[in-house]
Amino acid sequence: MAVTSKQPLGAAYSATQAISQAPKRKNLIAIFALAPALAVFLAFWLLPFSRLILMGAEADRSSGISAYFTILTHQQYLISLVTTVTVSFTVSLVAVGIAGIAGFFLARHRFIGKSVLVAILTFPLAFPGVVVGFLVIMLGGRQGALAQLSLWLFDERWMFAYSLAGLFIGYLYFSIPRVITTVMAACENLDQSLEEAARSLGANSWQVTKDVIVPGIAPALLSTGAICFATSMGAFGTAFTLGTRLSILPLNIYGEFTNYANFAMAAALSVVLGLITWVALSLARKLAGSNVGAPV
Amino acid sequence: MSSSVNIILTQCSRTFSGGHTALQPLDLHINAGETLVLLGPSGCGKTTTLRIISGLESPDQGGRVQFGGQDVTTLPIEKRDVGMVFQNYALFPNMSVADNIAYGLKIRRLSRSEIEQRLAEVMRMVDLEGFGERRIEALSGGQKQRVALARAIAVRPKVLLFDEPLAALDAKLRDRLRLEIGQLLRKLGTTAVYVTHDQDEAMALGDRIAVMQAGRIAQLGTPQEIYHQPANTFVADFIGAVNRLVVTGKGADGQLTVPGGELTAPHLQEALSVYCRPEDIEVVALADAQVKGRVLQSIFLGQSQQLMVDTGGATPIQVKASSRQHWPTGAAIGLTLPPQALFHPELSHSKLATTSAKEQANG
C-alpha cells in the first residue's frame, strides 16, 4: 500500500488493524440497514405465507384428508379451478386481440380527439372491481340496457350479468385499458426502419404486420396478457357484485373462509391461486425475454 | 442485370405539415447504371430526396418520379422494386441471417430451389458464406451491414438506395466496406443512389455527386469537378479544406497582393479573394517564396502534417506538408501557391485553373 508506507510504523499498524476490523463493522451496518426490510418481509410475507402453506396441508373439514389433495379429488373444486383458469385465459386472449389492434391503430394514427379517446378508453383503470360489476349489471342485468331492448323488441328479458358471460365482460372491461396502454407504448418504441425495409422488399401491409410488427411487440403482448390473466384470476370485487353463486376461486376462498370456517381449504385454494398466477407471470417474463431479440 | 433504369425527378419538392420546406423544387436526372451520391450536411434535403425516390415519401403536388420512363410517382415503395440499405441496418431481429436475406425472395414467391441458389450467390458476394443460421444479435456491425446489403441485392432491384449505410461503423471498417460496396455496385451495374455526409465516401463511390444545401442542389458533377471546380464557396468549403486569401491590392504586372506576399493569377484579375487547397501549397525556401509567414501550429497526422501559417491575414493559412519536415512554432516559412491551384468558385474564369493544369500535364 503506497499510502501506509509513507507513514510512521505506528500509523501503518493501526491502519492495518482498522482494515481487519472493517468487514465486521460493515456486516453490522448491513444488518442494521436491512433490518426494516427484513422485518417487513418476515411480518408481511414469510410468516403469513408459510402459515398459509402449512394450513393448506391440514385436513379438510368435510373430506377429512389434506385440503390440497381434496382440491384435486373433489369435482366441485376442480371445476371451479378449471373455470377460473379458462375464463381468465380467454379474457386475456380476447383483450390482447381487441386492444392490441386498437392500441396499434391509436399509436399510428393522428386524429382530432385522439387524446380524449385514449383517456376514455383507459378510464376503467380508475374503477374498483365493485363498480365494474355494477356496470355489467347496468348492461346485462334484470333492469339492464340489453334486457330493456329485448323486452321492447321480442317481449322477453335477455340477461347475462349473473353468469360467467357477465364475469367475462367485466374482466374484459378492466383488461382492455391495460393492454391498450402497453401496446401503444410498445408501438412507439418499434423501429420504423424495419417496416420500411420490409416494404422495400415488396411486403404488403398484411405481411409487414405479420413479419415485423407482431414479432416486434410480441414481448409486450405476452407480458400484458400475463398481467391480464393474473388480475382476472384474483379479481374479487366484480365476481362478488355479480353473484356469489359463481363457482370461481376467489369466491370459493371467501366462501370457505366466512361461511364454513374451513380454514384449511381456504388456505389451500389461496396457495393454488397464487401459484398458478405466479407461474403465468414468470413464464411470460421468460418467453418475452428470450424469444424475441431486442431491436438493434 | 444489364437492364438498369434511369431515374428522373421533375419538380420534386417536399413541404412538411408544419410548413417547413425540406426540399425546394428539384429536377434530377440519374443515368441508368450510375451511382449518384447525395452529399451534404444534415438537414440539407438529401435523405428527403432519397425517400422520395424510394416511395417512402411523396413529393408535393406537381412533382414526378420516373424509373426508366415509367411514372412511379403514385406507387408505394413495395411496388417500386427498389433495394434499400439503412443506417441502422434494419435487420429483422426475429429471423436468422438466411431468413433476412431471403425475405424479399419469399415475398416474391420464388421456388425453394431458386431461393436457395440466389441466397448462396449473394452470400458469396458479400462474403457471408456459412453465416446463414446465425442470429442477428450474434453479428458485428460490419456483418450486419453486409446482411442488409445482401438482402437488398438478393431481389435484383431496379434501383439500389443507400441511406448513410456506413455512418454507424468505425473508421477502419467503414473504409473497407466502402471499397466493397464500390466493387459490388460496379459489378452489378444497378442504378444506385447513395446518401452520405462523408465527403470521402462520396468521392470514392460516386460516379457523380450532388452536393446539397438547404433543400437545393448546390452542385452536380463528377468528384473531380466538385473538388477542383466547386460551384460556390459552400461546396468548396464542404468538400475538403480550403483557404481563402483576401486580395488587398493589385500590382502593375497583374500580381495580386495578399497578406504576406503576392500571387500570380492571370485568370483571377477581378477577384476580391482567391481560394486554394492546403495540399496545393508548396513549402519552399524563403528566398523563392511568394508568401511568407510564421508557423502558428503544426499537427502531425502520420502521412502528412497540417501547418497553420500566420501571414498577417485575419485567418491563418492551412498547409499540408510532408510529415518528415520539422516546423517548430514561430519558425519563418516560405510558401508558393501555383496559379493553377488558385480558384474562385463564383468566377467562371476559375475554370482556367484546371485547363492550365491539364496543359501542364500534357506538356
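**Chain contact and chain folds**

Author: The contact draws 24 residues from chain B and 20 residues from chain A, two residues being in contact if their C-beta atoms, placed from the backbone, lie within 7 Å. On the chain B side, β6 (82-85) and α2 (97-107) each supply at least two residues. Helices (H or I, at least four residues) and strands (E, at least two) are DSSP runs, numbered from the N terminus.
Reader: What is the side of chain B that touches chain A like by class?
Author: That side has 14 nonpolar, five polar and five charged residues. Ala, Val, Leu, Ile, Met, Phe, Trp, Tyr, Cys and Pro count as nonpolar, Asp, Glu, Lys and Arg as charged, and the others, Gly among them, as polar.
Reader: Before we go on, what sort of model is this, and how is it numbered?
Author: This is a predicted model, in which local features need pLDDT of at least 70 and side-chain atom pairs count only at pLDDT 80 or more, while totals for chains, interfaces and linings use all residues. Residues are numbered from 1 along each chain as its sequence is written, and chains are lettered from A and ligands numbered from 1 in the order in which they are written.
Reader: How many helices and strands are in chain B?
Author: Chain B contains nine helices and 20 strands. Its C-alpha trace spans about 80 × 45 × 45 Å along the principal axes. Of the 363 residues in chain B, 40% are buried, a residue being buried if 20 or more other C-beta atoms, placed from the backbone, lie within 10 Å of its own.
Reader: Which domains does the assignment give for chain B?
Author: Chain B has domain 1 (7-238) and domain 2 (243-362), with bounds from an automatic or database domain assignment. The C-alpha centres of these two domains of chain B are 38 Å apart. Separately, an unreviewed UniProt entry lists residues 7-239 of chain B as "domain: ABC transporter"; such annotations may be inferred rather than shown by experiment. That span is 36% helix and 24% strand.
Reader: And how do β1 and β2 of chain B pair?
Author: Strand β1 (residues 7-15) and strand β2 (residues 21-30) of chain B are antiparallel, over six bridges; strands pair if DSSP finds at least two bridges between them. B:Ile8 is opposite B:His29 in β2(B). Five residues lie between the strands of this hairpin, where B:Gly19 has a positive phi near 100°.
Reader: Which residues touch the most other members of the largest nonpolar core?
Author: They are B:Ala150, B:Val211 and B:Val274, in a core of 100 residues. Helix α4 (residues 141-154) of chain B gives the most to this core, seven residues. A nonpolar core is a set of buried Ala, Val, Leu, Ile, Met, Phe, Trp, Tyr and Cys residues joined through C-beta atoms within 7 Å. Another core, of 55 residues, lies apart from it and includes A:Leu81 and A:Ile180.
Reader: Turning to chain A, where does UniProt list a "transmembrane region"?
Author: The unreviewed entry lists several such stretches of chain A, including residues 159-176 and 220-240. Residues 159-176 of chain A are 72% helix and 0% strand, with end C-alpha atoms 23 Å apart. For residues 220-240 of chain A, the values are 90% helix, 0% strand and 30 Å.

Methods: Buried ≥ 20, exposed ≤ 12 C-beta atoms within 10 Å, placed from the backbone.
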